[in-house]
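User: I have a model open and would like to learn how to read its features one at a time. Could you walk me through it?

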Amino acid sequence: MDHFVWNLDPVLISFMGLKVHWYGALFALAIASGFQVMKRMYKQEGLDVESLDNLLMYCVIGIIVGARLAHCFFYDPSYYFAHPMKILAIWEGGLASHGGGLGAILALYYYKRKTDMPFLFLLDRLAIATAIFGFFVRMANFANSEILGLPTTKPWGIIFERVDLIPRHPAQLYEAISYLIIFISLYAVYKFTNLKEKHGVIFGLFLCSVFSARWAIEMVKVKQAAYATEWAMSAGQLLSIPFLLVGVALLILPFVKKQK
């Protein structure tokens with residue numbers, strides 16, 4: 001059976017010694033798309049759009065710092081404890097989405113201190129923007145032939161020629177498609193229902209859907225943390241549990257309050 005062979009040049013543009021990589025371009029597109037979604041919601045609700053400039057700066061810093069530290073300390077701690085200066089070498093790759101999510105939440109909390117908007121109100125809207133952000137980031141991972149799936153004989157298996165000649169699950173595409181569906185669903189909930197008035201519900205839906213998808217797709221991924229190769233669950237699945245629990249709590253909380 002013939003399988004699709006993926007061997008994209010990681011460099012998108014090279015001009016006079018300057019190189020723009022596909023990963024960087026798609027990561028920038030992820031940030032821009034998330035920002036535009038937030039901007040659209042702010043305009044619809046008559047909120048201060050100019051204040052989003054500060055939010056963008058805080059979130060970009062929070063995502064990158066959180067994602068880098070999570071990758072270093074959760075996925076390859078022995079290497080980075082032995083070579084601490086390598087933590088700063090972000091250009092060599094290595095960002096973990098769990099840490100990026102936590103970094104964005106902390107950045108939003110810092111931003112919230114400068115506004116009078118409820119924290120969960122802001123998290124609901126950031127969750128929608130984060131879903132489309134995640135779609136482009138996973139497409140960047142696909143362009144980079146990283147976060148590989150396990151070998152498969154399925155007809156949709158892809159050979160990542162830059163890695164090996166084994167057909168593998170395109171785990172990056174599984175996640176990208178999942179996040180795109182989640183984005184469309186959450187935006188529809190925001191646009192056409194009154195659930196956005198129950199602060200925290202959309203964020204709870206985001207956490208439950210994203211990390212349920214992440215949990216399931218981890219089953220067909222190559223385990224990224226060397227210390228977890230013999231474990232029943234991958235590091236990604238273990239790190240998803242707290243986010244799932246918080247998501248369930250946020251979905252239940254409004255109805256508990258209503259009964260009281």
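Analyst: Gladly. Let's begin with S145, which is buried because its relative accessible area is 7%, under the 20% cut-off for that label. Keep in mind that this is a predicted model.

User: Where does S145 sit, and what is its phi?

Analyst: S145 belongs to the loop between helix 5 and strand 4 (158-160). Its phi is positive, about 55°, although S145 is not a glycine. I147 is found in that loop too, between helix 5 and strand 4, and has a positive phi of about 55° without being a glycine.

User: Is I147 buried or exposed?

Analyst: I147 counts as buried, because its relative accessibility is 15%.

User: Let's turn to charged pairs. How many salt bridges does the structure hold?

Analyst: To call a salt bridge, look for a side-chain nitrogen of Lys or Arg within 4 Å of a carboxyl oxygen of Asp or Glu. The structure holds six of them. One of these joins R138 and E175, with the closest N and O atoms 3.1 Å apart. R138 lies in helix 5 (residues 119-143) and E175 in helix 6, so this pair ties together parts that are 37 residues apart in sequence. Both R138 and E175 are buried.

User: What other salt bridge does E175 form?

Analyst: E175 also pairs with K221, and there the closest N and O atoms are 2.5 Å apart. This pair links distant parts of the chain: K221 is in the loop between helix 7 (201-218) and helix 8 (235-259), E175 is in helix 6, and 46 residues separate them. K221 counts as buried because its relative accessibility is 3%, and E175 is buried with a relative accessible area of 0%. Salt bridges with shared partners join R138, E175, R214, E218 and K221 into one network.

User: How far apart are the closest N and O atoms of R168 and D164?

Analyst: They are 2.6 Å apart, and R168 and D164 form a salt bridge. R168 is buried, at 10% relative accessible area, and D164 is buried as well, at 18%.

User: Now for the surface. Which residues form the nonpolar patch?

Analyst: For a patch of this kind, look for nonpolar side chains that have over 30% relative accessible area and are joined within 5 Å. In this structure M57, I61, V65, L69, F73 and F81 make up the patch, with about 570 Å² of accessible area together. Helix 2 (residues 52-75) gives the most, five residues. F81 has its place in helix 3, and F81 counts as exposed because its relative accessibility is 61%.

User: And the second largest pocket: what is its volume, and which residues line it?

Analyst: With a pocket, take the volume and then the lining. The second largest pocket has a volume of about 170 Å³. Its lining includes G62, G66, L69, H98, G99, L239 and F243. Helix 2, helix 4 (97-112) and helix 8 each supply at least two of the lining residues. You can find L69 both in this lining and in the nonpolar patch.

Notes: Residues are numbered from 1 along each chain as its sequence is written. This is a predicted model: local features need pLDDT of at least 70, side-chain atom pairs count only at pLDDT 80 or more; totals for chains, interfaces and linings use all residues. Side-chain values use heavy atoms; hydrogens and water are left out. Patches are made of residues with over 30% relative accessible area and no salt bridge: like charges are joined within 9 Å, nonpolar side chains (Val, Leu, Ile, Met, Phe, Trp, Tyr) within 5 Å. Accessible areas come from the Shrake-Rupley method with a 1.4 Å probe; for residues, only the protein chains shown count as cover. Helices (H or I, at least four residues) and strands (E, at least two) are DSSP runs, numbered from the N terminus. Buried means under 20% relative accessible area, exposed over 50%, partly exposed in between (1.4 Å probe, protein chains only). On a 1 Å grid over the protein atoms alone, a cavity is a set of points where a 1.4 Å probe fits but cannot get out, and a pocket is an open set with protein on both sides within 12 Å along at least five of seven lines; lining residues have an atom within 4 Å of a point. Grid points are joined across faces, edges and corners, and a volume is the space filled by probe spheres set on the points.
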